[in-house]
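Here are a few friendly notes to read alongside the model. Please keep the 3D view open as you go through the points.

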Number of protein chains: 4
Amino acid sequence: MPTVKAAVLTAFQQPLEIREYPAIQEVGAGEALVRVEMAGICGTDVHLWLGQLAIPLPVIMGHETAGRIERLGAGIEKDWRGNPLSLGDRVTWASSIVCGECYYCRLKRQPTRCVSRKAYGISYCADQAPHLRGGYAERILLRAGTAIFRIPDDLPSESVVGAGCALVTGIHGFERAPVEWGDIVVVQGTGPVGLAAIALARHAGAARVIAIGGPPHRLELARNFGADATIDVAAIPSAADRRRAVLDETGPFGADYAVECVGHPDAVTEGIDLCRDGARYLVLGQYADAGNISFNPHAITRKQLQLIGSWGFEPRHVDRAITLLAGTHLKDLFASEVTHKFALADANKALDTVRRWQSGKAVLVPDAGGAGVANHGA
Amino acid sequence: MPTVKAAVLTAFQQPLEIREYPAIQEVGAGEALVRVEMAGICGTDVHLWLGQLAIPLPVIMGHETAGRIERLGAGIEKDWRGNPLSLGDRVTWASSIVCGECYYCRLKRQPTRCVSRKAYGISYCADQAPHLRGGYAERILLRAGTAIFRIPDDLPSESVVGAGCALVTGIHGFERAPVEWGDIVVVQGTGPVGLAAIALARHAGAARVIAIGGPPHRLELARNFGADATIDVAAIPSAADRRRAVLDETGPFGADYAVECVGHPDAVTEGIDLCRDGARYLVLGQYADAGNISFNPHAITRKQLQLIGSWGFEPRHVDRAITLLAGTHLKDLFASEVTHKFALADANKALDTVRRWQSGKAVLVPDAGGAGVANHGA
Amino acid sequence: MPTVKAAVLTAFQQPLEIREYPAIQEVGAGEALVRVEMAGICGTDVHLWLGQLAIPLPVIMGHETAGRIERLGAGIEKDWRGNPLSLGDRVTWASSIVCGECYYCRLKRQPTRCVSRKAYGISYCADQAPHLRGGYAERILLRAGTAIFRIPDDLPSESVVGAGCALVTGIHGFERAPVEWGDIVVVQGTGPVGLAAIALARHAGAARVIAIGGPPHRLELARNFGADATIDVAAIPSAADRRRAVLDETGPFGADYAVECVGHPDAVTEGIDLCRDGARYLVLGQYADAGNISFNPHAITRKQLQLIGSWGFEPRHVDRAITLLAGTHLKDLFASEVTHKFALADANKALDTVRRWQSGKAVLVPDAGGAGVANHGA
Amino acid sequence: MPTVKAAVLTAFQQPLEIREYPAIQEVGAGEALVRVEMAGICGTDVHLWLGQLAIPLPVIMGHETAGRIERLGAGIEKDWRGNPLSLGDRVTWASSIVCGECYYCRLKRQPTRCVSRKAYGISYCADQAPHLRGGYAERILLRAGTAIFRIPDDLPSESVVGAGCALVTGIHGFERAPVEWGDIVVVQGTGPVGLAAIALARHAGAARVIAIGGPPHRLELARNFGADATIDVAAIPSAADRRRAVLDETGPFGADYAVECVGHPDAVTEGIDLCRDGARYLVLGQYADAGNISFNPHAITRKQLQLIGSWGFEPRHVDRAITLLAGTHLKDLFASEVTHKFALADANKALDTVRRWQSGKAVLVPDAGGAGVANHGA
């Protein structure tokens, strides 16, 4: 019986195991079987691996994936945009499926807060058939109702996976808290979300983008993505000193717009201090519950700030991301973020690279054994 | 030489002193001398008295005032709305004057954050001529540029001073974070700002207004002002229990809109817990820097909240307040909030009444000695 | 074989015919068979009868309907809000079904412009099985995917059908162009949409509502619904004179907000003249293509107006309407709008009543023969 | 007695006359005397010359001007941004002064509709002292209260005058009707306002900009300014054919955003046809009352459009324009729009060049006689 290999998280903080699952022979109505060509290692995967979020083990991680359609179930003839879908098409998909019927889906039009949302690579126990619900595998079986997007021929998978969930998360966040042209923007963090935020702020006409992050190779990426100035948190370890450095760039009142893409709760306090009165502050990076901070709410009233949160994304944000990537220089920019490729067997090395901030973006190439992969995976 | 009596804060946490200042004989261009008929005791005055804000001593407090014009300087012929202004007219005014030229006034159109804003009853040292810059006095001299409003004849001073700076602060806050009709609204606090928020939420079509506060006489006011349900913080001292009580009223997801009118920093944490995902949360009451709290910013991202601050108000909010009071049942409602009247000599009793939450709204009536005043002041 | 009676539009401008269709014996998955208790005669039905919109004949009109569930197909256990649904429940439903997949449904989140939207009572040819797709009938068969709403027990069908599609259309329009509290609002038209607009403007805190319309019995309704002033188009036939009358009520600059609920294209020119500079103008009533007018676009630029259109409504607007009706005095107000009830056999009389503006709201009561019906239908 | 030369419009449709006025010897408090270095010929000047707007004759036209400060009145030490202002500084200024006190200035915060707004080059009769209130002159005397902006040293006057009132008008319009990143934008018209709209749409992240206009040399400018596609109205004279050409570029539904920068009223009808349902349509060019058109308002309702007007601009839009020009490649782009320079004596030639659409932007250089001027003016 043919099998499919997957890199499986079986216990927190333990090496992923390569396991084999029965190959999918038949697909149900609306389902799609996809041969995985590239699976991004998201920073969230590190948090999952560390056990910081409640997930069912074992799990096949991987929620940023591109692949080729191998089988299509009955009734699935078009992608989410209405483009015809055929065997062999290269596709990506929204990582979550929502119910469409609950209080948040219907009444509040906030499907990202659907009460029964499930995400590939996160919410599915790999012990349960059909097992293949994550990107760290040779194949993934997409449920009926998944928002699938055919990738335009001239858009490399590196662009799509390099942009990953960071770009669509940023697009959603910027929808909830728009950057206005002419804004002076501070981006806290130069991980994938930070880089996406830099690119989006630039794209929306920010007058000036100041990025705070590190290490140096990521600050260089930040400048490539459009930051006018970068501040190295290692070089300036004091928040008060960083504030002075930021104000040198923004002018004495601070930023019109700040976006938190760090994840450490302390970043929120620092970010508020970087805002001018009346600024918008998008708190985009507090995905994990990393505990409490000491916080003074007086600043919200006195500075008449807007603090805006945003969670996940919807299929229409994937649509916008693909259009954006396909039509602008961001195609190359995000592709360039993919600095490390690994074979499936080297998933632990890949994860480690991300954990140690050594890569731009690290990806798995489950079905390939070419030179590009060997470069980093060997 | 004729003199003017004033109740003066000379030292923090010490009784106000009645002092006499030289009467104003001549007024300069654009100035107006006003005989004070009624001066509200604002909760902020208690904070000033306690020394919680940096102000120059001695100071004549009183920033919620109505009176009659006694002298008008050259060139001042109309009120802010363009109505003709004459000696004897009953007026009120915006308590602050802004520069109109700074970064916040001009470029960011946020004059409430003007870098050189000065407020009657707060920012002026009473030792400096012309001394009379606060409402706790028989006369007040308004500077050129003050936004003066003639009070419509059929609008009692009790309505205007009863509404006080709470209503205009609320109007500004609700402008920055509008209540939409049909919203389920939670109001934290039943002081003057809380009552104004209840009235405004109701007026804007809130489907349901739940107020949290106390003591019982203020919860009764809250119901009069339009709260559908009230929760007594003394009866339910635990925030977790209060949350359950609120969710019983809002439904299991929480409020569409919450507004903090408490002033204690802990209220912000509690308020966030009362919000449904995607809610707007107006942080309106953190006027004083009351210190840090333990706070988890994860909720902002996960619940994709909007936290919105608002500071002070502009003349146009006074305009809206007067129109609102004059044209609706709120005229009587806010007048009914004035439960205690005191003579100027009893300013300390008045302040104490507010400090102990014994009154609806306490006011000074500097120039009167009638029964109404004696009732409470004696 | 049992049959179901329906009043059918077989030819434009000809009397409706009572026809009989095979009774529905079995309902498919997701479908619901409803015994019609009350069907509103909408002004649009008159336009349909006149042949002013392209529809397939014959058609069973009726898109504002309440009834009781007689059969439920497999898999339909809850209403749109998640309330359990049982045989005998009194329900109403959104009149349209959209595809959920097209450019407008998905990418632009404007399902009211779905490219394949179909509406009960309008879009279905009665010759095709299962025939029963309109409210002017003893039964209606609801397709799978219909947004069904259980009507709360204490909310009379008269409220729901009296509000009809006018209220939900208004709710959608006011969502796209919100009335802000304190706005001075002019409502053009006192038909059902105009009355709904008056009620909604009042509910959202309008400072003043001026209604233009007629005849006198509808102006009285307008005042009941909350208009502060009414202007009779028959009494003041000149638009220039009406403008003077309106400005007497609004003040010399005109309305902050105007809403067109007339349907005659000339109303748009008149409405623009009633707006102050910078006003919002909701063009809500131009449902039929009633031809061109002479128009000067200079006013849009010079007055820096916002003209906003809105089409139809979504299920969530029905949800808001039911909540609004159930929770406020609007329940009684809209019920009072139902002034005429007719038996199915008297459908032509009912239509004629609406056409001649003789009723508040006229309804069919297909399954009843009681006194109330005979009152008007006899 | 020294005199100042000016090109004066003394009668509509007649050649401007060179007249001499007494030189200004003393300037009052707050006033500034400026030596004109460059004065733009705006399309509106052609409309003024034709007599299409009500203005007092004779008038010194010219409302897009840069020059150097020659005298400063008492009390004027800073420019609008707070920068120190000295003799010899190169400056530009907002062309209008508003009262700051009327219904529109105060209550509605729409100073562009101030009831007593006056504009240099338009509203001042040249017969009345001090005469020099327009840019077509060697000197201009700026009233107290004029919003003066020091031009950054590295920003050429060509950029500022090339951008002219078109850019600031566009900035105001785009503030009232923002382009969102990813929008597909159609710009009607390739005059100065059209070019500014193209540049701003591009800057705000438009996915695609399609410009309709002509003649060919302006379409080339349009492409330089960022249009992805241009449509020549002379080559495609039929609106229906142009619509097909536009939809080829936008996709079958039309534009997300359209902006009218043409001025002919028929452009509005055409623009509506180019919009997808739910689009925003900024009607920016209908400055003159050019008469009525045949118009069908049904489209506003059915397509649920937003039509938004915008008039003039405020000082803060000049601030944004200067920042934008100084900080981006738009500096060079708008400077390149200045294709023709004329001496003051050749003002009629300059006006004629604009009238015949022969230039990018034509300017007067009142005080210079250099080669660049001779090139076009001779």
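1. What radius of gyration would a compact globule with 378 residues have, and what does chain A have? For that number of residues the compact-globule value is near 21 Å, and chain A has 21 Å, so the two agree. Please bear in mind as you read that this is a predicted model.

2. The domain assignment gives domain 1 as 3-164 + 313-377, and domain 2 as 178-309. If you colour them separately, you can look for their C-alpha centres, which lie 29 Å apart. Where the domains of chain A touch, domain 1 contributes 13 residues and domain 2 contributes eleven residues.

3. It is worth looking at the domain 1 side of that contact in chain A. The elements giving two or more residues to it are α1 (43-50), α3 (157-176) and α10 (330-337) of chain A. By class, this side has five nonpolar, six polar and two charged residues.

4. Next, turn to a helix pair in chain C. Helix α3 (residues 157-176) of chain C and helix α4 (residues 192-203) of chain C have axes that come within 8 Å and cross at roughly 50 degrees. Because of that angle, α3(C) is oblique to α4(C). The crossing of α3(C) and α4(C) is right-handed.

5. Which residues meet where α3(C) and α4(C) touch? From α3(C) come C:A163, C:G164, C:A166, C:L167, C:T169, C:G170, C:I171 and C:F174. Facing them in α4(C) are C:P192, C:V193, C:A196, C:A197 and C:L200. The contact of α3(C) with α4(C) has ten nonpolar residues, three polar ones and no charged ones.

6. Finally, have a look between chains. How many residues of chain B are in contact with chain C? Ten residues of chain B contact ten residues of chain C. On the chain B side, the largest share is four residues, and it comes from helix α9 (residues 315-327) of chain B. The side of chain B that touches chain C is made up of four nonpolar, five polar and one charged residues.

Definitions and conventions. Residues are numbered from 1 along each chain as its sequence is written. Chains are lettered from A and ligands numbered from 1 in the order in which they are written. This is a predicted model: local features need pLDDT of at least 70, side-chain atom pairs count only at pLDDT 80 or more; totals for chains, interfaces and linings use all residues. Two residues are in contact if their C-beta atoms, placed from the backbone, lie within 7 Å. Ala, Val, Leu, Ile, Met, Phe, Trp, Tyr, Cys and Pro count as nonpolar, Asp, Glu, Lys and Arg as charged, and the others, Gly among them, as polar. Domain bounds come from an automatic or database domain assignment. Axes are lines fitted to C-alpha atoms, for helices over the stretch in contact, and angles run from 0 to 180 degrees between N-to-C directions. Angles under 35 degrees count as roughly parallel, over 145 as roughly antiparallel, 65 to 115 as roughly perpendicular and the rest as oblique. A crossing is left-handed if the near helix is turned anticlockwise from the far one by less than a right angle, and right-handed if clockwise. The radius of gyration is taken over C-alpha atoms; the globule rule is 2.2 Å times the number of residues to the power 0.38.
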